[in-house]
Amino acid sequence: VQICPVGALTASTYRFKARPWDLETTESTCQGCSVGCRISIDSSRDQVQRFNGVDIDPVNWGWLCDKGRFGSGALSSDARLTEPLVREGDALRPARWSDALSRATDALRRATPASIGVIGGARLTNEDAYAWAKLFKGVLRTDNVDAQLGDGLDAAAVLGLPRATIDEVCAPGGTVLVLGPDVKEELPVLFLRLRHAAENDRVTLVEVAPRSSGLTSLCRVSVHPQPGETAAVVQAILGTDPVDRAIGGVDADRLEAARLALVDARGPLTVVVGRASVAESADMPLAAASAVLAARPDTTFLPALRRANVLGALDMGLAPGLLPGRVALDDARGWFSSRWPGVPQQRGLDTAGILQAAADGRLDVLVLLGADPLADFPDRDLAERALAGAGTILAVDTFLNESSRRAHVVLAAAGFAEKAGTTTNLEGRVSVLSQRVTPVGTTRPDWMLASELGARLGTDLGYTSFTDVLVELSAVAPSHLGLDVRLGEGAPDGVLVPLEGLGSIEGLPAPVRATPVDVPSVPAAAGDRLRLLATRRLYDLGTLVQAAPVLRDLAPGSGVRLNPADAHRLGLADGARVTVRSARSALTVTLSVDPGVPAGAAAMVVNQADGRVSDLLDGAVVTDVAIEVAS
């Protein structure tokens with residue numbers, strides 16, 4: 001057993017001989033997605049060799065997806081940042097840490113709370129995220145902080161919905177309503193758990209998805225409404241009256257079959273909810289979740305957000321209007337005012353608002369915490385204008401990406417397996433993240449970078465190790481009070497938060513609650529225009545995927561997929577080169593005829609090599625496109 005510096009956490013370490021190396025193996029938590037699979041990290045000569053799945057009964061049963069397994073190749077990539085960079089003229093040049101930190105500090109010191117924006121943090125440890133939240137919200141007092149890049153769900157809704165565990169979703173005899181992305185593509189091990197539940201444990205799956213998915217064949221009923229119509233369909237299938245008309249492009253018989261499946265199924269109802277398409281408003285899945293709660297108030301939810309530690313980042317307050325511990329800024333102002341140097345005076349901006357402020361010239365400092373808005377934010381045009389309009393861009397990352405290459409200061413951060421800490425998976429399970437190798441070059445963990453910037457700004461955050469941060473957040477974040485003690489007592493399966501028995505603490509702010517969202521009004525598509533579906537695949541042009549040699553060539557490309565009826569009506573043949581045109585831009589790609597796409601929709605995949613689908617998105621409730629033979 002290897003004990004961490006202050007003895008608060010333990011990590012099992014095994015040593016065994018395997019020619020030509022002496023391998024050392026430490027258990028940790030996979031950072032490939034938000035499921036939080038337990039893994040072993042094999043290393044030799046201070047280099048990571050491979051990842052393997054480890055059995056943790058509540059989560060992954062030893063399974064590990066290929067993206068998680070072969071993502072280890074990114075850790076030894078030659079493209080890793082090994083030292084800080086500063087801009088000199090048109091180029092980024094290596095710099096001493098003192099110079100890079102001084103430039104960053106000067107820019108932050110000159111800025112006002114309203115003129116600072118922070119994007120990212122969803123791939124950090126909880127301790128890193130808490131340290132950044134304390135620096136930006138507690139010291140600099142800005143609430144313009146958002147770990148999601150406009151492709152997730154409202155943070156207060158995610159944290160405020162009644163939460164289900166993976167085991168509860170997959171409990172024998174239960175019923176699961178899937179309202180979200182293709183979990184086989186975005187959360188593969190959750191897909192394996194759901195498949196096992198459906199095939200072996202009599203779990204009834206009902207899917208309401210924008211197109212056929214990896215789960216479709218396992219579902220009792222699967223319906224595919226047109227984009228923008230999911231909430232209306234959910235209202236119908238959860239109603240008490242028979243459905244006697246088509247809704248959202250789904251015929252009445254299909255809707256009635258889904259309704260009867262939900263009525264007849266035994267056991268509790270749980271919902272997997274997430275963002276199925278970035279081409280429609282984030283209010284769509286939340287309106288559907290609100291419709292479920294209105295009909296079945298005892299329903300619990302499992303949020304299907306894709307980035308590795310996005311739930312941990314939200315728990316630590318990296319979202320506008322929130323503070324660490326799943327509490328609202330206004331409700332927890334008194335609690336944090338006596339524990340932090342200060343708190344923001346008003347609710348801040350989300351990623352879209354931050355980018356718009358930068359594009360308008362109102363942002364003096366734009367901070368990117370491992371974020372690449374040019375690749376990940378749904379509105380590419382706005383991201384371009386924001387990076388051009390921001391006064392100073394400060395990037396903290398393990399690699400240079402398209403966005404950080406435009407930064408004025410780049411702070412090189414330690415990566416996965418190079419630092420210890422904790423992470424939180426999609427069900428709220430906090431697990432230990434182990435350090436296996438030495439950070440490359442002179443890179444430093446994020447909590448240390450936040451501490452050094454704080455000291456230069458005149459505030460000692462009080463951290464000398466990640467355990468100092470863990471001890472503090474366990475004493476400050478309302479939903480995590482006592483977490484360090486629970487972890488220190490030994491928790492091989494992790495610890496679910498919020499912890500029980502906290503309601504009697506004097507002055508403890510109430511947890512945030514989800515606010516019901518009305519079904520948005522969706523205008524009808526005009527003429528021959530189709531509604532765009534913009535979904536994700538497991539492999540794309542993401543920084544870490546492209547840095548892993550085994551994965552980088554697996555991105556399948558986008559193209560556009562149409563229902564056979566729409567292709568016939570438009571006179572388009574399978575394999576033809578076509579132009580997809582929105583109100584904002586146009587993209588020429590290859591057409592595929594696919595019966596899994598509902599009539600009236602055009603399906604594309606974001607962040608692929610054959611075209612930037614994000615250029616087509618116009619920020620409307622739904623995005624309509626016209627498709628014609630390419631000239």
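The protein chain contains 20 helices and 29 strands, where helices (H or I, at least four residues) and strands (E, at least two) are DSSP runs numbered from the N terminus. The model is a predicted one, in which local features need pLDDT of at least 70, side-chain atom pairs count only at pLDDT 80 or more, and totals for chains, interfaces and linings use all residues. Residues are numbered from 1 along each chain as its sequence is written, and side-chain values use heavy atoms, with hydrogens and water left out.

Along the principal axes, the C-alpha atoms fill a box of roughly 65 × 60 × 55 Å. Of the 631 residues, 61% count as buried; buried means under 20% relative accessible area, exposed over 50%, and partly exposed in between (1.4 Å probe, protein chains only). The chain exposes about 23700 Å², and carbon and sulfur atoms supply 48% of this area, as computed by the Shrake-Rupley method with a 1.4 Å probe, where for residues only the protein chains shown count as cover. Among contacts (heavy atoms within 4.5 Å) with a separation of 6 or more, 71% come from residues 24 or more positions apart.

A nonpolar core is a set of buried Ala, Val, Leu, Ile, Met, Phe, Trp, Tyr and Cys residues joined through side-chain atoms within 4.5 Å. The largest such core has 139 residues, and Trp132, Phe136, Leu190 and Leu411 have the most contacts inside it. Helix α3 gives the most to this core, with 8 residues. Apart from its neighbours within four places in sequence, Trp132 is in contact with Leu124, Lys137, Leu369, Val396, Asp446, Leu449, Ala450 and Leu453. A second, separate core of 29 residues includes Leu161, Val223, Ala231 and Leu238.

The structure holds 5 aromatic pairs. Rings of Phe, Tyr and Trp (its six-membered ring) pair if their centres lie within 6.5 Å; planes under 30 degrees apart count as stacked, over 60 as edge-to-face and the rest as tilted. Trp61 and Trp63 form a tilted pair, at 5.6 Å centre to centre with 35° between the planes. Trp61 is partly exposed at 29% relative accessible area, and Trp63 is partly exposed at 28%. Tyr130 and Trp340 form an edge-to-face pair, at 5.9 Å centre to centre with 70° between the planes. Tyr130 lies in helix α3 (residues 126-139) and Trp340 in the loop between α12 (329-337) and α13 (351-359), so the pair ties together parts that are 210 residues apart in sequence. Both Tyr130 and Trp340 are buried. Ring pairs link these two residues and Phe336 into a cluster.

Charges also sit over rings, that is, with NZ of Lys or CZ of Arg within 6 Å of the ring centre and within 35 degrees of the ring normal. Arg444 lies over the face of Trp97, at 4.3 Å from the ring centre.

Arg429 is placed in strand β22 (residues 429-433) and is buried, at 9% relative accessibility. Leaving aside neighbours within four places in sequence, the contacts of Arg429 include Pro58, Val59, Asp493 and Gly494.
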